[in-house]
Amino acid sequence: MSVQSLEIVRSSASTWGGLTGVRSLPVLSKYIDSSSCIGCKACEVACQEWNDLPVVKTSQVGTYQTLPELDASYWNLIRFEEREHENGFSWLMRKDQCMHCGDPGCLKACPAPGAIVQYANGIVDVNADQCIGCGYCATGCPFNIPKFHEKTAKMQKCTLCVDRTRLGLEPACVKSCPTGCLHFGTKEDMLVLASQRVGQLKKNGFAEAALYDPPGVGGTSVITVLAFGNHPEWYGLPKDPSIPWTIKLWKNVLRPFGFIAIVGAIVGAFGHHLYYGNKGHIDPAPLDDEPPQA
Amino acid sequence: MSSVRQQIGLDVGALKARDTEDVIVGKEIIRHRLSSRVIHWLVADFFFLCAATGLPVFSPVFGWLGNLFGGLAVCRVIHPFAGLAFFASAAAMFLHWKREMQMTAQERGWVGPKLLEYLRDKANHDQIGKYNGGQKVFFYTAALAALGFLVSGVVLWFPLTFAGFLRQLAILVHNVTFIAFFVSIVFHIYLGTTAEPGTFNAMTRGTVSKAWARIHHPKWYRELMGTDK
């Protein structure tokens, strides 16, 4: 952490001097080609293994999907979706995990200084020792990713294997993928790979194939090729995600307004006192209507 | 008995203020009996506990307040319980005062221009009873705020139970309520202390002077003195 702190470019609830990022690093990215995923779940297992996450009780949701949602102890989930459309039937599989947004809503919403940080390489990470488990990050996330861990009362999510990537290794899920639908490298390289694959898909009859790298959240460090790029919602992805307006209203408008209102009230009270003085210090007329004292 | 107390210098006013109010004791008038004062200070203390544990979450600028309790993580634990205590005492306060705080149509004007008139020393006090319109408005502000804090606070307390847009809304409600209530509190404290000498005593000892009553609450004063027509 001490060396990595030189790479923090954004930090939750930061004040002046809170940012320590002096190193510039190339932005990294995980490339997911949902169209060549076979749903083997090797990445799910690799994630559990590498991060030493416990067994989570699975539940039957009517498909091959392991769990209905990501879990505080399950950071990587292949979503299965059976979809009928004009050209027939598709069995869609998508790797769901933290998207590592360029402009992370979790980080914006987090009130605990340093509990969520963004490194120069684009990875968005939760520092459990700073996390207070308020869950605001989940409220700020347009992808519904951070989960509350009941035992530790902290929020948890995919770290993009920050402990592997900083040693030059690829994330555990990428390492385990047998079909090559996962790749890892600089975002620049991954974008090239993605555009090649999108072109290939278009040639193969998927006219709407596209890359999911939503600009509303500043792009993501997990980019996904979708065969039906015009229907990200088929894959459980929001069409045009951005940080919720409520969170922006809170942080950008309400909070500064609150400061001004509170300080204004205090200054106003002082000003009132200077200008009008005390009430009731005038010499009162004799209390002539007093009954005689006992 | 009371004459013995007087002989040995006991504070008759304060003793009478244990369970009576709106009575004249010598040169003083008992304005708030003990139960009223205890309820008021419970509300106030729990509010400040909530504010001190909540402000560090509002902004890291107030992180030093969080340190008083052992850090932000401790605040996150204390705050909801302090909030429950605040709501419980505020609810008790509402029930305790609600009869005396019923507003006349005329007093509703205190929500707007009448309040400014009052602050500029231009308001006609003649018909002001035990509580003026501004005090009544503040009373309902506190009741509404307690409700707003509770409803939004419970949603924010349990991240596993509530999710999505409800929590986004709760954050906004909690913040708006806080800002509006805190601004009111600043003026409440100012008017209750240095702006109007003699007022603070009503909430500590429970008594005010007759002169104070005649200046600030003339109708109440006349009623107690038996000179109201």
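The legends below describe close-up views of a predicted model. Residues are numbered from 1 along each chain as its sequence is written, chains are lettered from A and ligands numbered from 1 in the order in which they are written. Local features need pLDDT of at least 70, side-chain atom pairs count only at pLDDT 80 or more, and totals for chains, interfaces and linings use all residues, while side-chain values use heavy atoms, with hydrogens and water left out.

**View 1. Chain B as a whole.** Chain B holds eleven helices and three strands; helices (H or I, at least four residues) and strands (E, at least two) are DSSP runs numbered from the N terminus. Its C-alpha trace spans about 60 × 45 × 30 Å along the principal axes. Of its 229 residues, 45% count as buried, where buried means under 20% relative accessible area, exposed over 50%, and partly exposed in between (1.4 Å probe, protein chains only).

**View 2. A nonpolar surface patch with residues from chains A and B.** The patch consists of Trp245(A), Leu249(A), Val253(A), Phe165(B), Leu169(B) and Val173(B), with about 540 Å² of accessible area together. Helix H7 (245-276) of chain A and helix H8 (165-192) of chain B each give two or more residues to the patch. Patches are made of residues with over 30% relative accessible area and no salt bridge, like charges being joined within 9 Å and nonpolar side chains (Val, Leu, Ile, Met, Phe, Trp, Tyr) within 5 Å. Accessible areas come from the Shrake-Rupley method with a 1.4 Å probe; for residues, only the protein chains shown count as cover. Leu249(A) counts as partly exposed because its relative accessibility is 31%.

**View 3. The salt bridge between Glu196(B) and Lys279(A).** The closest N and O atoms of this pair are 3.6 Å apart. A salt bridge is a side-chain nitrogen of Lys or Arg within 4 Å of a carboxyl oxygen of Asp or Glu. Glu196(B) lies in the loop between H8 and helix H9 (199-204) of chain B, and Lys279(A) in the segment after H7 of chain A, so the pair joins two chains. Glu196(B) is buried at 7% relative accessibility, and Lys279(A) is buried at 14%.

**View 4. The salt bridge between Arg205(B) and Glu28(B).** The N to O distance is 2.5 Å. Arg205(B) sits in the loop between H9 and strand S3 (207-209), Glu28(B) in strand S2 (residues 28-30), 177 residues apart. Arg205(B) is partly exposed, with a relative accessible area of 22%.

**View 5. The salt bridge between Glu107(B) and Lys136(B).** Here the N to O distance is 3.0 Å. Both Glu107(B) and Lys136(B) are buried.
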